[in-house]
Amino acid sequence: MKIFINLPTWLGDCVMASAAIYGIKEKFKEAEFIFFGSFVATALFKNFPNSKFIIEDKKKRYKQALHLRKIYQFDLAFSFRSALSAKLILKLLKAKKKFCFDKTIIKEEHQVLKYLNFIENTLSFKISPQTLQLPIKVKFNAPLTLKNGKKILALNPGASYGSAKRWEEEYFAKVGLYFAKSHEIILLGAGGEEAKICTKISEILAQNGVKAKNLCNKTSIHTLTQNIALSDLFLTNDSGTMHLGAALGVKMLVLFGPTKFTQTSPWQSKNAKIIHLNLACMPCMKRVCPLKHHRCMKDLNPQMVIEKLKEFKT
């Protein structure tokens with residue numbers, strides 16, 4: 001049996017879809033899986049058993065689908081994306097049965113439940129357990145105690161979706177300064193704007209005598225996951241990296257501003273806490289603050305976050 005899966009575009013959505021994808025694997029244990037998706041999406045599932053991967057080229061995605069049509073007869077084809085392009089890709093494939101995710105069904109539920117509902121209704125079976133799963137082996141247990149007796153505080157100040165989801169750089173630095181006596185600080189993130197943010201935080205810390213290890217844009221998905229797993233505390237915006245932390249079960253505090261924490265909060269993570277304000281403009285679900293004041297994140301001050309982090313027993 002051959003099964004095609006068009007993965008979600010974003011890292012966080014891929015992690016949240018993992019419970020449903022492993023559910024498919026459990027039902028069809030001997031199936032061969034062909035994963036199609038972005039670089040980061042396919043990298044996350046790199047070690048998924050009995051699988052092959054095709055990185056989507058947005059300029060040539062339909063040619064890629066036509067090529068797959070020539071070489072594969074799929075038994076089942078699933079798209080965890082609902083965009084028109086995803087529907088066209090499914091249409092071009094040669095498959096006995098095709099199914100496309102519909103984001104309007106159970107619209108207000110958590111994203112993990114949306115994906116589970118998609119597969120359970122499609123295949124008429126109950127997925128259990130409904131837990132996030134990473135096809136990445138973590139070598140060490142958290143938290144790691146370093147030779148100097150300190151543990152690790154990981155800061156993830158980026159969020160690919162947009163600036164509205166990002167806490168202030170200076171605020172992250174203040175948290176780092178507070179915990180510097182007991183923790184070594186590592187900075188996590190991707191390239192581009194996130195690299196600039198991490199550099200600024202690193203510079204603020206250095207100006208105050210604290211040396212942070214800036215790993216932004218220096219890790220693969222595998223090493224990023226490992227660094228999160230080694231951390232004693234993980235402070236992050238609502239982001240794809242946050243969902244890795246949820247899957248790993250690390251002690252994590254998530255900063256929520258413009259997004260719906262009821263739909264994208266850490267899934268079934270006993271060690272995760274969230275912090276947010278309750279402003280009339282929240283959640284706006286915008287990439288950039290439409291009111292230009294960004295109060296949902298600016299008014300969430302460092303002392304509030306420090307007090308919340310202190311609730312974790314380190």
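**Close-up views of a predicted model**

**View 1. K310 and its partner E307.** K310 has a relative accessible area of 42%, so this lysine counts as partly exposed. All the views here come from a predicted model. K310 pairs up with E307 in a salt bridge, and their closest N and O atoms sit 3.3 Å apart. E307 is partly exposed too, at 37% relative accessible area.

**View 2. A salt bridge between buried side chains, E56 and R61.** Here the side chains of E56 and R61 meet, with 2.7 Å from N to O. Are these two residues buried or exposed? E56 is buried, because its relative accessible area is 14% and the cut-off for buried is under 20%. R61 has a relative accessible area of 13%, so it counts as buried as well.

**View 3. E170 and K200 join two helices.** The closest N and O atoms of the E170–K200 salt bridge are 3.1 Å apart. This pair ties together distant parts of the chain, 30 residues apart: E170 belongs to helix α6 (residues 169-179), while K200 belongs to helix α7 (residues 193-207). E170 has 31% relative accessibility and counts as partly exposed; K200, at 34%, is partly exposed as well.

View 4. As background, side chains of opposite charge can pair when their charged atoms come close. Across the whole structure, a search turns up 15 salt bridges.

**View 5. A positive patch on the surface.** Which residues make up this patch of positive charge? They are R69, K91, K94 and K98, gathered on the surface. Zoom in on K94 and you land in the loop between α4 (84-92) and β5 (95-100). K94 has 35% relative accessibility, so it counts as partly exposed.

View 6. Why is helix α8 (residues 221-230) described as largely enclosed by the rest of the structure? Because eight of its ten residues are buried. The buried set is I221, L224, T225, Q226, N227, I228, A229 and L230. As for what they pack against, the helices are α1 (11-27), α2 (39-44) and α9 (240-248), and the strands are β6 (151-156), β7 (183-187) and β9 (233-237).

Conventions: Residues numbered from 1 in each chain as written. Predicted model: local features only at pLDDT ≥ 70, side-chain atom pairs only at ≥ 80, totals over all residues. Heavy atoms only, no water. Buried < 20%, exposed > 50% of the residue type's maximum accessible area, 1.4 Å probe, protein only. Helix = DSSP H or I, 4+ residues; strand = E, 2+ residues; numbered from the N terminus. Contact = heavy atoms within 4.5 Å. Patch = residues over 30% accessible without salt bridge, like charges linked within 9 Å, V, L, I, M, F, W, Y side chains within 5 Å. Areas by Shrake-Rupley, 256 points an atom, 1.4 Å probe, with all protein chains shown as cover. Salt bridge = Lys/Arg side-chain N within 4 Å of Asp/Glu carboxyl O. Lys, Arg positive; Asp, Glu negative; His and termini not counted. Charge placed at Lys NZ, Arg CZ, Asp CG, Glu CD.
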